Structure formats: structure tokens, C-alpha cells
Amino acid sequence: MELMTTTDALEAFCDRAAKFDFVTVDTEFLRETTYWPKLCLIQAATDDEVVLIDPLAVSLDLSSFFALLANPDVTKVFHAARQDIEIFVKLTGKVPLNIFDTQVAASVCGFGDSVSYDNLVRAITAVELDKSSRFTDWSARPLSEKQRLYAAADVTHLRDVYRELTKQVAATRRAGWVDDELTVLRSIDTYVVQPDRAWERLKLKINRPRDLAALKVLAAWREKRAQDSDQPRSRILKDDVLFELAMQRPLKPEAFERLRAVPRGFGRSAAAGEIIALLKPVEEISKADLPKLPERYRGPSPKGAIGDLVRVLLKSVAEQNGVAARIIATSDDIDALVLDDEADVAPLRGWRRKLFGEKALDIKHGRIGLVATRKGIVEFQVESDAAAE
């Protein structure tokens, strides 16, 4: 378990690793006070070697490791890969090639939704991991022996987990299912937030077009400021502040003092001046040029009886097939499906449609029903006259 601090040692390891079919990878990072994650440690393992790579070492060039990540002949195995890959995208501008996420594979193989690494290791290898070092300061040097052992465990047991899951995926013929799920992780758009689209991640509702126009420019301003200054979004402005600014649109410094979510004296800050400059053009947008609000369905709520039936069906299908329900359909997917037979959602495409989507549409239109038995939920055909009604 070598801690690599020199370029020569890392290059030699990467040359050896390139001869294997797969390498397991994990990272330790800090993000509490920054927008971008600060990489503190990289762990990697092949069949016969485990290394800890110190990206904070002054004399270390990571180019050879980045080349290994880009090697299409070597599978890079992660668990819950999104944040790890985000780090490498920031450093290289590219998503690693030929990735495999054991959390995704586990959800397809019946281990539950978003199963943790330690629970998965316990289930597959019967090893109990010591996770007490999880929240230690990984930027401090030297690393303690306990930290090193913790870090190494994150890639050593991952080898056995990967081997077992690939066997189960092959045995159940669900490689295509895993591949579909990995599509999101392979897309660079998953990791790069464009400021002009930052408003899309906000959950609070906007009911007026001019408010939406204001929210878009404010969210873009905050995202760029956070990225440029490497600060968390919430340290620039919290979400509820953005929404109040979008709806109230203060155009003078003193107007900020009448807002509940804004700190006292904010109107005298440089940020307030920038916000006023952003909001003034919003007030001048003609009604015809204002953005359209997302269309809202005005019929029966998808949270009603039909939606409940579809959710029961989803749970039943997931249990019968040993796959996490979220992999088949999310709650938003079900809402969309209830509202629209041709909704552009995953349950109405590919293997999910065959497994669940067609049945969900049949439930929606009364072609099949559900009955509870001692063996679980059972589907039954509804007579055509009853279905027509």
C-alpha cells in the first residue's frame, strides 16, 4: 500500500495497471467551503496491487493516471461514481472511458436503491468495514495509518464486489440495463453546469413569466460567481433569496432592506449593484418576449388514485424482478406517465417499457387490475366492457 508522491512511481504503476482488464478507483476530497471539490487523495487497485496517490505532492504529475482513465481497454470501476468523475472532468475536461459503477449494477441486481459501499461489501464479501475515518481532514499531511487503511479498503474490496456483480449481471442478462444507467455518468453534461441553465435545478415554483425571466438571470449570475470564486452557491446567495429577488425585483439599494430573506445592509454591497443591473433589463422585456412558464396539467392529479395504483405496480414489478424501483421509474416519471401516454420518460422506453411501462399504461386505462394475495400483488385482466367504461 504505497503512498505515491513522485511522477516516476506513478508512471510505473500506470504502465502496470494498463495490462489488466480493470482497475478500481476512488477518491477522497473536501468540498464544504468550495464550489469545486478539492482532490486530496486517489486510491487505485489492480488484481495484485493497491496504491494511494497523493495529488497534493508538489513533485507529482498526474498525467499518466489521466491517461489510464482515458484508456478504453481498461475498465475503471467506481462505486457511486458521480462525484469522483466530476473531479476528473474538472481536471482533464473529459469523462473517463469504459467506466463501471457498482452502485448502479447493485441496484439492477436486487441490492436496493443507492446501496452504500460498506453495505454492499458486507453483503458480498461478509467483511465489516471501519468507516470511522470517513470525515477526517484528507488535506492534512502526513496521513495517519488508520486513514491509509480506510482509503485502501475502498478499492481493495471493490475488486471482489465488481467480480461478483458482473457475474450476476451476466446471469440475469441485464448488461443492457446497466449500460442504460451508465449513459448519464458517461455524459460530460452531467458534470458541467452551464450558468444559463442553473435555474433548472431550482425546485421552488414560479407563477409569472417576468419572475421566471428574473430567476434565470439571477441563477446564472450566482452560478458564475460561485464558479469564478470557488465558493458554494449558498455562500453567494441561498435559493430562497434568489426566489425573493426574482419576485420582488428591487431596483434601488434601499429596496433590499424591505426583503425578509436578504441580510441587513445587503443593498450597499457590490453584489446588490450587480443584481440591480441584471434586473433593470428584465423590467423592460416586452410581454411577447418573456419566457413561457412550463405547462401545467389541469386535469386529475397524478398524485391521486391512478398514480397510487401505478406506484403499487412499480413496487410489485421491482420486487418480482429483484431490481431497485428507482432504476425502473422515479416518482416524477410516474407523474408524467399518468398525465401523458407518450411522455418522454425512461419507463416508456427500452427494457423498462417491456418490464413496467406497458403494464402502467394498462393500469391507467383500466385494461388490467391488481389484487393482493398471500404471495404478493397479482395482475389480472379486466373484461373489455369494464375497461371501456
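**Cores, a helix face and a surface patch**

The largest nonpolar core has 75 residues, and Leu 10, Phe 65, Ile 328 and Phe 356 touch the most other members. The model is a predicted one. A separate core of 30 residues lies apart from the largest one. Its members include Leu 215, Leu 245, Leu 259 and Phe 266.

Take Ile 328. Leaving aside residues up to four places away in sequence, Ile 328 touches Leu 314, Val 317, Ala 318 and Val 323, along with Pro 347, Trp 351, Arg 352, Leu 355 and Phe 356. Phe 356 is itself named with Ile 328 among the residues that touch the most other core members.

Now turn to Leu 10. Leu 10 is a buried residue of helix α1, which spans residues 7-17. Thr 7, Ala 9, Phe 13, Cys 14 and Ala 17 are the other buried residues of α1. Viewed down the helix axis, these buried residues fall within an arc of 160°, so they line one face of α1. What do they pack against? Their partners are β1 (2-4), β3 (38-46), β4 (49-53) and α2 (63-69). The face of α1 turned away from the buried side carries Asp 8 and Asp 15, both exposed.

The surface has a nonpolar feature too. Val 371, Val 378 and Phe 380 form a patch there, with about 220 Å² of accessible area together. Val 378 sits in strand β8, residues 376-381. Is Val 378 buried or partly exposed? Its relative accessible area is 35%, so Val 378 counts as partly exposed.

Technical notes
Residues are numbered from 1 along each chain as its sequence is written. This is a predicted model: local features need pLDDT of at least 70, side-chain atom pairs count only at pLDDT 80 or more; totals for chains, interfaces and linings use all residues. Side-chain values use heavy atoms; hydrogens and water are left out. Patches are made of residues with over 30% relative accessible area and no salt bridge: like charges are joined within 9 Å, nonpolar side chains (Val, Leu, Ile, Met, Phe, Trp, Tyr) within 5 Å. Accessible areas come from the Shrake-Rupley method with a 1.4 Å probe; for residues, only the protein chains shown count as cover. A salt bridge is a side-chain nitrogen of Lys or Arg within 4 Å of a carboxyl oxygen of Asp or Glu. Helices (H or I, at least four residues) and strands (E, at least two) are DSSP runs, numbered from the N terminus. Buried means under 20% relative accessible area, exposed over 50%, partly exposed in between (1.4 Å probe, protein chains only). The arc is that of the directions from the helix axis to the C-beta atoms. Contact means heavy atoms within 4.5 Å. A nonpolar core is a set of buried Ala, Val, Leu, Ile, Met, Phe, Trp, Tyr and Cys residues joined through side-chain atoms within 4.5 Å.
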